[in-house]
Amino acid sequence: MKVVTRFAPSPTGFLHVGGARTALFNLLYARHCGGSFHLRIEDTDPLRSKAASIDAILAGLNWLNILWNGDIIFQSKRYNRHIEVAYDLLKRGAAYYCYCTMQELEEMRVAAKNAGRPIGYDGRWRDRDPREAPQGVRPTIRLRVQREGETILDDLVQGRVTVMNKQLDDMILLRADATPTYMLSVVVDDHDMGVTHVIRGDDHLMNAFRQAQIYQAMGWERPLFAHIPLIHGPDGTKLSKRHGVLGVETYRKMGFLPEAVCNYLTRLGWSHGDMEIFTTEQAVTWFDVRDVGRSAARFDIAKLTAINAHYLRRKDDSHLMRLALPHIESLIGMSVERVGRCRLEAAMPSLKLRARTISELAKAALFYVQPRPIPLDEKACQQLASVGRAILTILAEHLAGSVRVWEAQSLEDEIRQLAIEQNLTLGALARPLRAALTGAVVSPPIFEVAQILGREESLARLYDVLA
RNA sequence: GUCCCCAUCGUCUAGAGGCUCAGGACUCCGCUCUUUCAAGGCGGCAACACGGGUUCAAAUCCCGUUGGGGACGCCA
């Protein structure tokens, strides 16, 4: 059997991490099985669906390199097919017209809640004669749910789950305005697309039982289900805007790498022994949706950051340059000229070793491209007060008079020698030098910095401070 | 309220009856390296929610309790 999976977001917002992980698991499983993975946009609610959301979702998936097979399926374009099935169900006696008004249903819910009964439609039009229909009320079509017995679902992740059918109510298939509901559309589309494995968030677990009834009524074979646990916020509740997590693309802006995000998300709720760092290709060979854990995982930005640092260090310098440049330019508010770019490229190996995100890297790289005189932070100013300033004077004079090649190792040799002559430690000389050259008290190795800045720029920065 | 699910270090997890007085990763804390900061190396703190069973033996199986989460829309 060829495995077919799908990711079916509704275009009501951005692609959040939970959705991204669901998509990832669908992709991983399909590819693991040599099957196909599809994308379907669930835009059956015209009131909530937005074109901008579709763009955001596609952008997010593309960024993460979660690529689907074939064309995108828009549920809204399958409208006629959904309606056809609704009427088919009606004809089979598996569905019926319901003339309840919204207000009536609301009252029903309140009454049920107060009486301690399950909140849901009480089936009042289930067997009622349609001739009793009130005037002027456009009916909905509801499924005539099998109320006896129980439904068993052998979920690939949750295991065997049993629900009494009397817990299910007759859900609406077609709204009063004749548009299909999600509950109908998913089933029809999954069936027509030949979806074999429905992998989705476990907030849909109960829906599987309702949907099972539609499959049954239509005489269709039901796909296998895998309800994966939701991702929770640090406080243990379902991830929401309240947690400040936005679209997956926000993580791009925050300086995360897509491969790091994918690695982290895949590792959330799933593992392959002690493996922490792996490529998507490796995950494809190891992944089985049956191995996904049943308990919810909390989103931990610290671990994501650590994984990101790992990938950042291994990223090639020119690629990193392309990613970091926009961050840097927005920080200094101007474009980086050729000289600056050369410096950044030369500095990249030690810059990336000290950053965990592109943003951190950009911030740390700033001093390389800022125009003179570069700003000094508070600690650097302290460093360049009385004694530091005196040392800097000696350094400047010495370096300006030196004829040795301006290269990290020879600069270090020279300054070590100077330290001995002056009866000072290397640190005593290096600290003021660092402050003047970088404007800060922490930086990449200072002789490397001096080499990259070049003789002229370095001396100029020293004299800027002395002036 | 009704139904469903879950439960190993702070977090992500390994563990599918004996190999485990529970392993890895992140975080945190030491030490080391060192011109600063990182990285690297070494080390440390830290968990089987609780109570009953079953068994020669339970983190692993069963029941209950507690705690947490999710679903109950003419949303998806």
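Helices and strands here are DSSP runs, with helices being H or I over at least four residues and strands being E over at least two, numbered from the N terminus.

First, some ground rules. This is a predicted model, where local features need pLDDT of at least 70 and side-chain atom pairs count only at pLDDT 80 or more, while totals for chains, interfaces and linings use all residues. Residues are numbered from 1 along each chain as its sequence is written, chains are lettered from A and ligands numbered from 1 in the order in which they are written, and side-chain values use heavy atoms, leaving out hydrogens and water.

Most residues other than glycine have a negative phi, and most peptide bonds are trans. Now find asparagine 65, in the loop between α2 (51–63) and β3 (73–74). What is the phi of asparagine 65 near? The value is near 65 degrees, which is positive in a residue other than glycine. Asparagine 65 also counts as exposed, at 53% relative accessibility. For that scale, buried means under 20% relative accessible area, exposed means over 50%, and partly exposed is in between, using a 1.4 Å probe and protein chains only.

Alanine 178 is not a glycine either, and has a positive phi of about 70 degrees. You can find alanine 178 in the loop between β8 (172–174) and α5 (182–193). With a relative accessible area of 26%, alanine 178 is partly exposed.

And the peptide bonds? Arginine 372 and proline 373 are joined by a cis peptide bond, with omega about -5 degrees. Proline 373 sits in the loop between α13 (358–369) and α14 (378–383).

Next, please zoom in on two helix residues. Methionine 183 lies in helix α5. Is methionine 183 buried or exposed? Methionine 183 counts as buried, at 11% relative accessibility. Setting aside neighbours within four places in sequence, methionine 183 is in contact with Met171, Asn207, Arg210, Gln211 and Ile214, where contact means heavy atoms within 4.5 Å.

Threonine 305 is buried, with a relative accessible area of 10%. Not counting residues up to four places away in sequence, threonine 305 touches Phe256, Arg356 and Thr357.

Now for helix packing. Two packed helices are described by the angle between their axes and the distance between the axes. The axes are lines fitted to C-alpha atoms, for helices over the stretch in contact, and angles run from 0 to 180 degrees between N-to-C directions. Angles under 35 degrees count as roughly parallel, over 145 as roughly antiparallel, 65 to 115 as roughly perpendicular, and the rest as oblique.

Start with α15 (residues 386–401) and α17 (residues 426–438), whose axes come within 9 Å and cross at roughly 90 degrees. These two helices are therefore roughly perpendicular to each other. From α15, the contact uses Gly388, Ile391, Leu392 and Leu395, and from α17, Ala428, Leu429, Pro432, Leu433 and Ala436. By class, that contact of α15 with α17 has 8 nonpolar, 1 polar and no charged residues. The classes are simple: Ala, Val, Leu, Ile, Met, Phe, Trp, Tyr, Cys and Pro count as nonpolar, Asp, Glu, Lys and Arg as charged, and the others, Gly among them, as polar.

Stay on α17 and look towards α19 (residues 455–466): these axes come within 8 Å and cross at roughly 100 degrees. So α17 and α19 are roughly perpendicular to each other. Here Leu433, Ala436 and Leu437 in α17 meet Ser458, Arg461, Leu462 and Val465 in α19. The contact of α17 with α19 has 5 nonpolar, 1 polar and 1 charged residues.

Our last pair is α12 (residues 338–352) and α18 (residues 446–453), with axes that come within 9 Å and cross at roughly 165 degrees. That makes α12 roughly antiparallel to α18. In this pair, Arg343, Ala346, Ala347 and Ser350 of α12 meet Glu448, Ile452 and Leu453 of α18. The residues of the contact of α12 with α18 divide into 4 nonpolar, 1 polar and 2 charged.

One last topic: how many disulfides are there? Taking a disulfide as a pair of cysteine sulfur atoms within 2.5 Å, the count comes to 0. For cysteine 33, the closest cysteine sulfur is in cysteine 262, 19 Å away and too far for a bond.
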